[in-house]
Amino acid sequence: MFSILLVKEIRNNIMNLRFIVGMILCSVLTVVCVVILSNQYLQEFNDYNTQMMLQDEFLKNYAHTNRISNVSTPPRPPDTFRPLIMGIQTENRGYMSGFFEDPMPILFPHIDLIFIVTVIMSLLAMLFAYDAVSGEREDGTLRLIVSNRIKRPILILGKWIGGIISLFIPFILSLLVGALYIIIHPSIRWDSTVYAVFFLLILASMTFISSFYLLGLFMSSISKNSSASILNS
């Protein structure tokens with residue numbers, strides 16, 4: 001019975017318009033994000049190589065032991081995950097102090113993998129989960145399901161697992177497309193350590209998305225109707 005409930009939940013989510021919109025949104029944003037950030041990473045890496053070359057030439061011609069400490073600080077190379085994550089730039093640390101003067105950089109940050117996970121996927125999780133229970137309560141199908149001697153924890157577990165699987169399909173596929181672009185790019189080289197960290201990053205993102213879906217499922221369970229559920233979510 002649990003497997004039937006799980007398949008039903010996945011099928012209902014996949015056949016819904018929200019799944020198609022989520023698939024298109026995740027794919028387009030991830031691919032565009034990876035392409036743009038990869039180009040910026042290559043430009044920053046070329047600038048880093050140029051700075052290193054100029055510094056080496058300067059040290060060779062003008063450096064002296066009395067002032068070597070003032071000119072030998074090397075520039076920092078761009079981060080390895082720059083094609084996926086922009087991170088917090090050094091010059092932007094403490095930027096919350098200027099929120100009231102210019103709130104746009106804080107309200108609308110740069111689009112990267114962190115933005116896609118924390119904003120786009122969390123909103124999709126809420127949209128997938130807001131009527132998972134309340135919608136079936138309104139349609140009358142929830143009473144029929146419970147009448148088949150399905151325990152409520154099993155019902156909620158099936159809806160949660162089916163919902164997050166439906167969410168992970170567009171998320172994982174879009175990440176695979178972005179990772180494939182990085183792999184086949186001739187100027188970007190990732191070693192095994194970077195891929196291991198990338199795998200852990202995916203696990204952390206999936207945990208984050210699952211938590212938001214569980215929160216939306218909880219709101220759907222305690223709300224009398226779908227409109228109240230999405231408002232509470």
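The model contains five salt bridges, where a salt bridge is a side-chain nitrogen of Lys or Arg within 4 Å of a carboxyl oxygen of Asp or Glu. This is a predicted model, in which local features need pLDDT of at least 70 and side-chain atom pairs count only at pLDDT 80 or more, while totals for chains, interfaces and linings use all residues. Residues are numbered from 1 along each chain as its sequence is written, and side-chain values use heavy atoms, with hydrogens and water left out.

One of the salt bridges joins Lys159 and Glu9, with 3.1 Å from N to O. This pair links distant parts of the chain, as Lys159 sits in helix 8 (residues 152-184) and Glu9 in helix 1 (residues 2-14), 150 residues apart. Helices here are DSSP runs of H or I with at least four residues, numbered from the N terminus. Both Lys159 and Glu9 are buried; buried means under 20% relative accessible area, exposed over 50%, and partly exposed in between, using a 1.4 Å probe and protein chains only.

Lys159 also forms a salt bridge with Glu136, where the closest N and O atoms are 3.1 Å apart. Glu136 belongs to helix 6 (residues 134-139) and Lys159 to helix 8, so this pair ties together parts 23 residues apart in sequence. Glu136 is buried, as is Lys159. Lys8, Glu9, Glu136 and Lys159 are linked in a network of salt bridges.

Another salt bridge pairs Glu44 with Arg82, the closest N and O atoms being 2.7 Å apart. Glu44 lies in helix 2 (residues 17-62) and Arg82 in the loop between helix 3 (68-71) and helix 4 (104-107), so the pair ties together parts that are 38 residues apart in sequence. Arg82 is buried, with a relative accessible area of 7%, whereas Glu44 is partly exposed at 29% relative accessibility.

Terms used
Helices (H or I, at least four residues) and strands (E, at least two) are DSSP runs, numbered from the N terminus.
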